[in-house]
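Hi everyone, thanks for making time for this. Let me put the structure up on the screen, and then we can walk through it together.

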Amino acid sequence: FSALPEAPALAAANKRIGNILKKAEAVDAHVNPELLQEQAEQDLYAALQRFVPEADAQFAAGDYTASLQTLAVLRAPVDAFFDDVMVNAEQLDLRLNRQGLLKSLHDAMNRVADLSRLAA
C-alpha cells in the first residue's frame with residue numbers, strides 16, 4: 001500500500017480524520033444520506049457505498065493488499081471532502097452526520113493497519 005501514489009495523501013487524511021474524531025464525542029458510523037448537502041460529501045458517501053463492500057470482501061478473504069488498493073480510489077473524494085466541506089458545522093445534525101461519514105471511512109481504512117502511521 002505504501003508504494004501506491006495515493007498512499008501519502010490517504011495516510012495524511014486518515015490522520016486528520018483521527019484527530020477530528022478524537023475531539024468529537026462518541027461518534028457513530030451512521031450516515032443519513034438525506035443530510036448530505038454538499039456535492040463533495042455526497043460523492044464521498046457514494047464512493048464509500050461503492051468500494052467499501054469490495055474492500056471488506058477482500059479483507060475477509062485475507063487479501064489485505066487488495067483491500068487497501070481498492071480503498072486507494074477514495075483519495076479524490078476524500079480530498080474534495082476536506083476542501084469543500086466544513087465537518088464541524090454549527091447545525092448539530094449536519095455535524096454528527098459528517099462525523100459519522102468520517103467514522104465510516106476511518107473504520108474502513110484502518111481494518112488492516114493504522115494508516116495514519118504512514119503519514120509524514
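Here is a question to start with: are H1 and H4 parallel or oblique to each other? Before I answer, please keep in mind that this is a predicted model.

Let's find the two helices. H1 covers residues 7-23 and H4 covers residues 75-84. Their axes come within 10 Å and cross at roughly 45°. An angle counts as roughly parallel only under 35 degrees, and H1 and H4 are therefore oblique to each other. If you like handedness, the crossing of H1 and H4 is left-handed.

So who does the touching? On the H1 side we have Ala-9, Leu-10, Ala-13, Arg-16, Ile-17 and Ile-20, and they meet Arg-75, Val-78 and Phe-82 of H4. Sorted by type, the residues of this contact are seven nonpolar and two charged, with no polar ones.

Next, please look at helix H3, residues 64-71. Buried here are Ala-66, Ser-67, Leu-68, Thr-70 and Leu-71. What do the buried residues of H3 pack against? Their partners are H1, helix H2 (39-60) and helix H5 (92-109).

Now for the inside. The largest nonpolar core has 30 residues. The residues with the most contacts inside this core are Leu-74, Phe-81, Phe-82, Leu-101, Leu-102 and Leu-105. H1, H2, H4 and H5 each supply at least two of its residues, and H2 gives the largest share, with eight.

Let me zoom in on Leu-101. Not counting residues up to four places away in sequence, Leu-101 touches Val-31, Leu-36, Glu-41, Leu-44, Tyr-45, Leu-48 and Phe-81.

Leaving aside neighbours within four places in sequence, Arg-98 is in contact with Gln-37, Glu-38, Glu-41, Val-85, Met-86, Val-87 and Ala-89. Glu-41 is on the list for Leu-101 as well.

Lys-22, over in helix H1, is exposed, with a relative accessible area of 68%. How far apart are the C-alpha atoms of Lys-22 and Glu-38? They are separated by 24 Å, with the two residues 16 apart along the chain.

That's my tour, and I'm happy to take questions!

Methods. Residues are numbered from 1 along each chain as its sequence is written. This is a predicted model: local features need pLDDT of at least 70, side-chain atom pairs count only at pLDDT 80 or more; totals for chains, interfaces and linings use all residues. Side-chain values use heavy atoms; hydrogens and water are left out. Axes are lines fitted to C-alpha atoms, for helices over the stretch in contact, and angles run from 0 to 180 degrees between N-to-C directions. Helices (H or I, at least four residues) and strands (E, at least two) are DSSP runs, numbered from the N terminus. Angles under 35 degrees count as roughly parallel, over 145 as roughly antiparallel, 65 to 115 as roughly perpendicular and the rest as oblique. A crossing is left-handed if the near helix is turned anticlockwise from the far one by less than a right angle, and right-handed if clockwise. Contact means heavy atoms within 4.5 Å. Ala, Val, Leu, Ile, Met, Phe, Trp, Tyr, Cys and Pro count as nonpolar, Asp, Glu, Lys and Arg as charged, and the others, Gly among them, as polar. Buried means under 20% relative accessible area, exposed over 50%, partly exposed in between (1.4 Å probe, protein chains only). A nonpolar core is a set of buried Ala, Val, Leu, Ile, Met, Phe, Trp, Tyr and Cys residues joined through side-chain atoms within 4.5 Å.
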